Amino acid sequence: MDNYKVGVIGAGAWGTALATAVSRGGHDVVLWAMECDVVESINNQHENKRYLPGYKLNDTLRAENDIKSVAADKDVLILASPSLYLASTIKQFADVPSIQNGKTIIASLTKGFVPSSDGPAFVLDTMEKALPACYKDCTVYVAGPSHAEEVALGKITGLIAASNHHRNAITVRNLLRVPGILAYASFDVIGVQVCAAVKNVIAVVYGGLDAIAEKSSAFGDNAESLLMAAGLNEIQKIGFAMGATHAETFTSVSGVGDLDVTCKSKFGRNRRFGQDIIKTDILSQFKDLDDLISNVKKIGYLPEGAIACKYVHEIAEKKGLKLPICDTLYRVLNKEETPSESLNNLIMNAGDQLKKSFII
């Protein structure tokens with residue numbers, strides 16, 4: 001296998017975990033971090049003590065503060081920036097010569113939709129607008145059931161690299177085929193991006209139901225599986241409405257695989273947020289969904305599903321889609337309904353509500 005020069009932009013938990021996994025595969029990997037303490041801890045202690053504490057990183061992985069240096073002269077550049085800061089992050093290195101001439105393949109780990117003047121935008125569309133014109137239809141999207149903690153430990157993980165540029169999808173797939181990662185290629189760029197964004201919305205609702213089920217005589221594993229199945233169908237509805245091309249996308253690692261781990265894993269921030277909505281009344285500190293998004297740092301962790309929910313609601317209204325699960329979460333986050341009553345009604349009235357989720 002070829003050895004690649006790789007830059008990873010963003011030293012959060014996921015960016016750090018993938019960077020150390022790729023470096024374990026023998027590639028030359030440098031990680032950009034904004035914070036000086038993160039650079040210091042990675043380079044000197046081989047640990048990201050701020051964002052991935054307790055996990056030893058590969059000795060050959062190094063970090064830098066200079067974003068242009070990390071982006072320059074790489075075979076592959078992987079972006080791990082939150083969706084809200086994606087475009088502004090790209091602008092910091094877009095003038096690097098190796099980016100200007102298109103020599104570097106650029107991929108993204110960013111989940112969710114990105115706000116734009118035309119409504120919710122896909123991650124790759126946002127990237128390609130911020131990058132030189134040579135990157136049109138050439139960027140790559142990486143997704144799959146992949147909690148950072150397990151990737152950092154080298155536990156078996158499946159990932160998918162999707163791109164309209166088939167050779168770039170295959171190149172990134174090959175790069176990711178390192179110890180512990182099973183990587184695949186996809187050409188259904190829209191479907192994979194929809195799965196990665198909307199599964200977080202479903203996971204918030206799943207977490208809320210999970211919290212209710214702890215003290216409920218009506219809800220248990222069966223109800224949670226019903227919710228997940230209906231959620232997968234809502235994801236598929238949105239995907240096809242937006243232009244997804246392959247039904248297999250939704251039954252692959254990017255669809256049912258990613259949804260399952262996001263809903264069930266103890267590492268899932270979106271599941272945790274749903275639980276906190278019920279157990280700690282975490283929404284009490286926000287006026288509505290817009291206020292939550294503006295002040296999301298108050299939560300202490302990033303529940304991407306809360307942000308994606310706003311954009312899913314906009315898409316559903318524009319496309320005329322009936323999405324009971326996503327709509328329920330929107331009303332809860334927007335303070336239009338109380339959480340426990342809303343979730344109870346969603347499941348207890350499943351005959352009238354959840355049946356609208358299924359494509360039958």
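At 35% relative accessibility, K68 comes out as partly exposed, a label for the range between buried (under 20% relative accessible area) and exposed (over 50%), worked out with a 1.4 Å probe on protein chains only. The model is a predicted one, so local features are taken only at pLDDT of at least 70 and side-chain atom pairs only at pLDDT 80 or more, while totals for chains, interfaces and linings use all residues. Numbering starts from 1 along each chain as its sequence is written, and side-chain values rest on heavy atoms, with hydrogens and water left out.

K68 has a partner in D95: the two side chains meet in a salt bridge at 2.6 Å, N to O. The term stands for a side-chain nitrogen of Lys or Arg within 4 Å of a carboxyl oxygen of Asp or Glu. K68 sits in helix α3 (residues 67-71) and D95 in the loop between α4 (86-91) and α5 (97-100), so the pair ties together parts that are 27 residues apart in sequence. Helices here are DSSP runs of H or I with at least four residues, strands are runs of E with at least two, and both are numbered from the N terminus. D95, at 48% relative accessibility, is partly exposed too.

Over the whole structure, the search turns up 13 salt bridges. One of them pairs D59 with K56, with the closest N and O atoms 2.8 Å apart. Here K56 is exposed, at a relative accessible area of 58%, and D59 counts as partly exposed at 49%. Another salt bridge joins K199 and D258, whose closest N and O atoms are 3.6 Å apart. This one links distant parts of the chain, 59 residues apart, with K199 in helix α9 and D258 in helix α11 (residues 253-264). Both K199 and D258 are buried. Salt bridges with shared partners also join D290, K310 and E314 into one network.

The whole structure holds one cavity of 30 Å³ or more. In this search, a cavity is a set of points on a 1 Å grid over the protein atoms alone where a 1.4 Å probe fits but cannot get out, and lining residues have an atom within 4 Å of a point. Points are joined across faces, edges and corners, and the volume is the space filled by probe spheres set on them. The largest cavity has about 70 Å³ of space. Its lining includes V204, G208, I277, L329 and P339, and the elements giving two or more residues to it are α9 (189-213), α12 (269-279), α15 (324-333) and α16 (339-348).

S23 belongs to helix α1 (residues 13-24) and is buried, with a relative accessible area of 4%. A polar atom of the S23 side chain lies 2.8 Å from the backbone oxygen of T20. Leaving aside residues up to four places away in sequence, S23 touches V29, N58, T60 and L61, where contact means heavy atoms within 4.5 Å.

Last, the backbone. Most residues other than glycine have a negative phi. H46, not a glycine, has a positive phi of about 55°; H46 is in the loop between α2 (36-45) and β3 (62-64) and is partly exposed at 22%. D137, also not a glycine, has a positive phi of about 60°. D137 lies in the loop between α6 (123-130) and β6 (140-143), and its 36% relative accessibility makes it partly exposed.

Terms used
On a 1 Å grid over the protein atoms alone, a cavity is a set of points where a 1.4 Å probe fits but cannot get out, and a pocket is an open set with protein on both sides within 12 Å along at least five of seven lines; lining residues have an atom within 4 Å of a point. A polar contact is a pair of N or O atoms within 3.5 Å; within protein, one must be able to donate a hydrogen and the other to accept it, and residues adjacent in sequence count only if both atoms are side-chain atoms.
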